[in-house]
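Hi,

Here is the structure I promised to pass along. Have a look at it first, and my notes on what turned up follow below.

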Amino acid sequence: MSFGFATRCVQSRDHDDPHGATAPPLHQTATFRQPTATDFGDFDYTRSGNPTRSLVERHVAALEGGAHGAAFTSGMAAIAAVTRLVKAGDEVLAGDDLYGGTTRLLARLACSHGVRVRHVDATDPQRVADAITERTRLVLVETPTNPLLSVTDLRALADVTRRRGVTLAVDNSLMSPTLQRPLELGADVVVHSATKFLGGHADLSAGVVVTNDPALHERIAFTQNAEGAGLAPFDCWLLLRSLPTLALRVERQCATAARLAQFLAAHALTQRVLYPGLPAHPGHAIHAAQASGFGAVLSFTTGDAALSRRIVEGTRLFKIAVSFGSVGSVISLPARMSHASVPDALRSRLAPPEDLVRISAGLEDAEDLVADLETAIAGVRCARISAASRGD
Ligand SMILES: *Cc1c(COP(=O)(O)O)cnc(C)c1O
């Protein structure tokens, strides 16, 4: 019998604790006693493996519809492990709107590891197909992208990469497996910043790599052990504590984001509202065909960077912070915050616009959040009117 997603969020962290503990046990230990000097048990050393980590890896993998998971100390450590799949002389094709830290990591891979990295507009799978060469080993994309919320047709992209024998990795942090499961759409690898929706409480930094391919998993697990960036037991336990509420949180956060998008789209002071749930969004239909919801993150522009900044600084319930997916709503200026790490040489092409504001809807009452935004925007408008009457 197959269960629904919310049931699996709660149930798939089942474990075989000998005492029948209902909550998952925390194995806060660095070492495990061996039966004899030459026999190893299932675990010997926490860098190599720990039962609490195995449990969270199985749980996230199951939610993504994957067979294998590997948990890391951050989303970046997870993505770095995936980049170890390529070697000097190989090529990575990456989407052109990615998390700023990913763009920075790829730039370093290109500078000091001899890997060729090219950014392409991955919203058009044909462009990716045209860009693939015999050196291309890895295609790495986000959909929707962060922070521009552009959408890529994952089935079409997976068709391209499969035909050309290239590994397709999808960063699914923005959606979480509640809404989108790229492995089921043909991707080879899914990566997560579990710091976002999976953790969901802004109290944990973590990353996960999930795949169905045992050979790929073995290479990722090798990196996890060899480089020592596996997620620590207590953080695994915190992540296990978050996962049962994942579906509930994401569903409510999506409903609130849709309400905020509708409010902002109707407001005279916004220019563009980027949210795949709006029917006018260019990726609306494709996204709806590959995901079961539109997410809790949206962006908007005002045409004026100073004005955007004042809106960001004028909210009370939305905290000014990087990251998204937490129970608390946040607001940010990506060009100055999460994407400040895009290297200077790439900024003109790969950095988000200066007037872009990004919002992540939390679990507060939607109408309180609307009122908070309304007040912040009205404050900006009043400041403008009084500036105009003073003549400055
Ligand atoms: C935050 C984020 C990352 C990096 O994850 P960390 O946990 O901060 O290391 C990678 N990809 C996306 C899409 C993100 O939003």
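For what comes next, two strands count as paired if DSSP finds at least two bridges between them. Keep in mind that this is a predicted model.

With that in hand, take strand β9 (residues 297-300). Four bridges join β9 to strand β12 (residues 357-360), and the two run antiparallel. One of the contacts to look up there is V297, whose bridge partner in β12 is S360. β9 also pairs with strand β8 (residues 273-274), again in the antiparallel sense, over two bridges. Within β9, S299 is the bridge partner of L274.

In a regular strand, side chains alternate between the two faces of the sheet. In β9 both faces are covered: V297 and S299 are buried on one side, L298 and F300 on the other.

Next, helix α2 (residues 51-63). At the start of α2, a side-chain oxygen of N50 comes to within 2.8 Å of the backbone nitrogen of T52. After the helix comes G65, with a positive phi near 75 degrees.

Last, the cysteines. The structure has zero disulfides. For C9, the nearest cysteine sulfur belongs to C254 and is 13 Å away. C9 is buried at 0% relative accessible area, whereas C111 is exposed at 72%.

Cheers

Note on methods:
Residues are numbered from 1 along each chain as its sequence is written. This is a predicted model: local features need pLDDT of at least 70, side-chain atom pairs count only at pLDDT 80 or more; totals for chains, interfaces and linings use all residues. Side-chain values use heavy atoms; hydrogens and water are left out. A disulfide is a pair of cysteine sulfur atoms within 2.5 Å. Buried means under 20% relative accessible area, exposed over 50%, partly exposed in between (1.4 Å probe, protein chains only). A polar contact is a pair of N or O atoms within 3.5 Å; within protein, one must be able to donate a hydrogen and the other to accept it, and residues adjacent in sequence count only if both atoms are side-chain atoms.
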